Amino acid sequence: MASTVTIVACSITGVVLLLILVYLVYRVYKKRCANQAPYEKIYGRGAGGKEYTTVDMERKNVPQLTVNSRNVQAFVLPSTPPKKARHIERPVSPRAEGTSGALGVPIYPDSGSDTSSPPSRRSSMEANGMFSLGTIDPDLYKASQDDSETNFPEDHLGRVWFALEYQREAERLLVSLIKIKNLPSRTPGSANACDPFVKIFLLPDERRFVQSKFKRKTTNPKFDESFVFQVSYKALLTRTLRLTVYDVDRHKKHRTLGNVLYQFKDFDYDDGQKIVLWKDLEEKSNMEMSDLGEVQFSLTYNNHLERLTVVVLRARGIKKLTGMAAVDTCARVTLMNSNHVLKTKKTNVVTNNSDPLYNETFNFKLSPTQLDTSSLSVAILQVTPGDEGYERQVGRVVVGPFMYARGKELEHWTEMVNNQKDMVKRWHALTQ
């Protein structure tokens, strides 16, 4: 009996203590909420002259509150006295005044500044090399319609804007691709039938390049991308920058739109100076034409038939060799695998013509497994007339994979492999 009474007494005591604890927590919570009121107390007088606060209004004790203006102080931002405009003299590079495409923006002082006001003390921004130019006049900074943005000649292939900066200490060349305008559209009359991207080379090395992002359905793409080339200043003066613009059609075929070249032999800008240039795209890379001439041919590969088709179209700029009576030429096509000749074919002789037209087609049997180990040689020969005539090689071109070719010759072969059953046509310079 005694144990039962003890248990009941303990239970009642526990319940009472729990209620007390809950009550204390509630009081603490109410006190903290009262200290964090969302409104500031503003004293005023209501009807009958009784003073009220905003807390009373929240409790709806007062129908209307009139704030006593004598107890409320307005805060006004202090006005900043106008500063005297600083006129900054900056030397203008003589290259920026020419017609090479360099852009320069003059800086004008604010004409509306008060020159009679006393000069203010230097701020922390001025001490760190930054200067306050005073109030900005919007009329001085309106974007004017630049002729380079709208004035395009007929049969224009496009105009490229890019920026160059060289850091001598780090031996780094920074190339910034900004934008391109007026690219040709695949569909006449449509401004969206173009999916461009750009490859950037530092010639004469054509094995390494950087590539921009693809832009879809636009003839005026904006890139705003930067690329870095690690090159010494001495080597830079012998290099040439080439930007090649491509268009990707719906069959994923890459079509070359044009090239832009910039030679660094006259690059004399200051260390870290960033210059902005624009240049028009050219159909040919405008490199020095070979003294031996050029030859044009197309390649087509059919993997189902295991057949390589070569069409020798024409040549140009072929000069008469010493001891030859006339420019009588023919083209010789040779297919090789691992430096072993598989087959050789020749075109007919075109007589007395430095720009001969051949237009002959040759087919070669070539399996897909041999594409990475085979190469194709196209040579131009001068022949003497008569049955006992002999042949002298003017020059030749070798196209193939990375093992045998570089530059345009490598690109020609790679494009043929990537676009099978399509005719890929290119001009190539003859070499010894």
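Reader: Which residues make the nonpolar surface patch of about 660 Å²?
Author: In this predicted model, the patch is made by Val8, Ile12, Val16, Leu17, Ile20, Tyr23 and Leu24.

Reader: Where is Leu24 found, and is it buried or partly exposed?
Author: Leu24 is found in helix α1, which covers residues 2-35, and Leu24 is partly exposed because its relative accessible area is 47%, between the 20% and 50% cut-offs.

Reader: Switching to strands, why call β4 largely enclosed?
Author: Strand β4, residues 159-167, has 8 of its 9 residues buried, so the rest of the structure largely encloses it.

Reader: Which strands does β4 pair with?
Author: Strand β4 runs antiparallel to β5 (residues 172-181), joined by 9 bridges, and also pairs in the antiparallel sense with β11 (residues 275-280) over 6 bridges. Val160 has Ile180 as its bridge partner in β5 and Lys279 as its bridge partner in β11.

Reader: What about the hairpin of β4 and β5?
Author: That hairpin has 4 residues between the strands, and Glu171 takes a positive phi near 55° there.

Reader: And the open sheet of 4 strands, what is its order?
Author: The order is β15-β14-β17-β18 with antiparallel pairing, where β15 (340-346) and β18 (391-399) are the edge strands, each pairing on one side only. Neighbouring strands of this sheet are turned by 25° against each other on average, with direction ignored.

Reader: Which helix packs on the sheet?
Author: Helix α6, residues 407-418, packs there and touches β17 and β18, its direction making about 60° with that of β18.

How values were computed:
Residues are numbered from 1 along each chain as its sequence is written. This is a predicted model: local features need pLDDT of at least 70, side-chain atom pairs count only at pLDDT 80 or more; totals for chains, interfaces and linings use all residues. Side-chain values use heavy atoms; hydrogens and water are left out. Patches are made of residues with over 30% relative accessible area and no salt bridge: like charges are joined within 9 Å, nonpolar side chains (Val, Leu, Ile, Met, Phe, Trp, Tyr) within 5 Å. Accessible areas come from the Shrake-Rupley method with a 1.4 Å probe; for residues, only the protein chains shown count as cover. A salt bridge is a side-chain nitrogen of Lys or Arg within 4 Å of a carboxyl oxygen of Asp or Glu. Helices (H or I, at least four residues) and strands (E, at least two) are DSSP runs, numbered from the N terminus. Buried means under 20% relative accessible area, exposed over 50%, partly exposed in between (1.4 Å probe, protein chains only). Two strands pair if DSSP finds at least two bridges between them. Axes are lines fitted to C-alpha atoms, for helices over the stretch in contact, and angles run from 0 to 180 degrees between N-to-C directions. Contact means heavy atoms within 4.5 Å.
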